[in-house]
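Good morning, and thank you for making time for this presentation. I shall take the aromatic rings first, and then turn to helices and cores.

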Amino acid sequence: MKFLIVGLGNPGSEYAHTRHNIGFDVIYAFVTKHDVVLETDRLAYTAEVKWKGKKFVCICPTTFMNLSGKSVKYWMEKEKIALENILVIVDEVSLPLNKLRLRPSGSDGGHNGLKSIHESLETTSYARLRFGIGNNYPKGMQSEYVLGKWDKREETIVKCKIDKAVEVIEMFATAGITMAMNQVNNKEFCIE
């Protein structure tokens, strides 16, 4: 059983650990937990994790957010991974910071990374884990907000949610999406 785990973000140190790059941070936490390191490969930073009889092909596209689909399609075809075994981790401004939401499919919700994946794969039928980043920004400042770093007071909850997202990746592969959704969708993460 092979899975493609995609963390959305932008390459480059200026984007590291910003709200928009939370997908990269989740992938990094997942591969680190399994004692693997990301390497630079075609269109992505990649790593392969073998765990409980499953193979996880983990990618962080290096195509920049707006062209994420190019990387996803390449790795899906190269590794011959079924659509139902793809999980995309993405930042979500319409979800509060204390939420994670797992869905089997859905719209791009205005997210350019998801929009690119929809165009490349010609479908919206793939799982996505939306990582709530909140929308605590003045009108017209969304871009600055999503490309900004976490506030000090947000860091504890973000770390807690990254750990949970790593569990969701494992559960998605071993117990299935329904079980994983039940574990995470109605949970509220609290700031310590």
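**Aromatic rings, helices and cores**

Trp51 counts as partly exposed, because its relative accessibility is 21%; buried means under 20% relative accessible area, exposed over 50%, and partly exposed in between, with a 1.4 Å probe and protein chains only. Before I continue, please note that this is a predicted model, in which local features need pLDDT of at least 70 and side-chain atom pairs count only at pLDDT 80 or more, while totals for chains, interfaces and linings use all residues. Residues are numbered from 1 along each chain as its sequence is written, and side-chain values use heavy atoms, with hydrogens and water left out.

A search of the whole structure gives nine aromatic pairs. Rings of Phe, Tyr and Trp (its six-membered ring) pair if their centres lie within 6.5 Å; planes under 30 degrees apart count as stacked, over 60 as edge-to-face and the rest as tilted. Trp51 and Phe56 form a tilted pair, because their ring centres are 6.4 Å apart and their planes stand at 45 degrees. Phe56, at 0% relative accessibility, counts as buried. Tyr74 and Trp75 make an edge-to-face pair, with 5.3 Å from centre to centre and 90 degrees between the planes. Here Tyr74 is partly exposed at 22% relative accessibility, whereas Trp75 is buried at 3%. Ring pairs also join Phe3, Phe30, Trp51, Phe56 and Phe172 into a cluster.

Charges meet rings as well. A charge sits over a ring if NZ of Lys or CZ of Arg is within 6 Å of the ring centre and within 35 degrees of the ring normal. The charged end of Arg128 sits over the ring of Tyr126, 4.3 Å from its centre, and Lys161 lies over the face of Phe131, at 4.0 Å from the ring centre.

What does Phe131 touch beyond its neighbours within four places in sequence? Its contacts (heavy atoms within 4.5 Å) include Ile22, Val26, Val90, Trp150, Lys161 and Ile162. Phe131 is also one of three residues, with Ile5 and Phe56, that touch the most other members of the largest nonpolar core, which has 40 residues. Such a core is a set of buried Ala, Val, Leu, Ile, Met, Phe, Trp, Tyr and Cys residues joined through side-chain atoms within 4.5 Å. Helix α5 gives the most to this core, ten residues. Another core, of 18 residues, lies apart from it and includes Leu4, Val6, Met76 and Leu114.

Let me turn to helix α1, residues 22-33. Helices (H or I, at least four residues) and strands (E, at least two) are DSSP runs, numbered from the N terminus. The buried residues of α1 include Ile22, Phe24, Val26 and Phe30, and among the elements covering them are β1 (2-7), β3 (44-51) and α5 (155-174). Just after α1, Asp35 takes a positive phi of about 55 degrees.

Finally, consider Ser68, which lies in helix α2 (residues 68-79). Is Ser68 buried or exposed? Ser68 counts as buried, at 0% relative accessibility. The side chain of Ser68 reaches the backbone oxygen of Met65 at 2.7 Å. Asn112, in helix α3 (residues 112-121), is partly exposed at 36% relative accessibility. Asn112 touches Met65 and Asn66, residues up to four places away in sequence not being counted.

How values were computed: The expected span of a helix is 1.5 Å times one less than its number of residues. A polar contact is a pair of N or O atoms within 3.5 Å; within protein, one must be able to donate a hydrogen and the other to accept it, and residues adjacent in sequence count only if both atoms are side-chain atoms.
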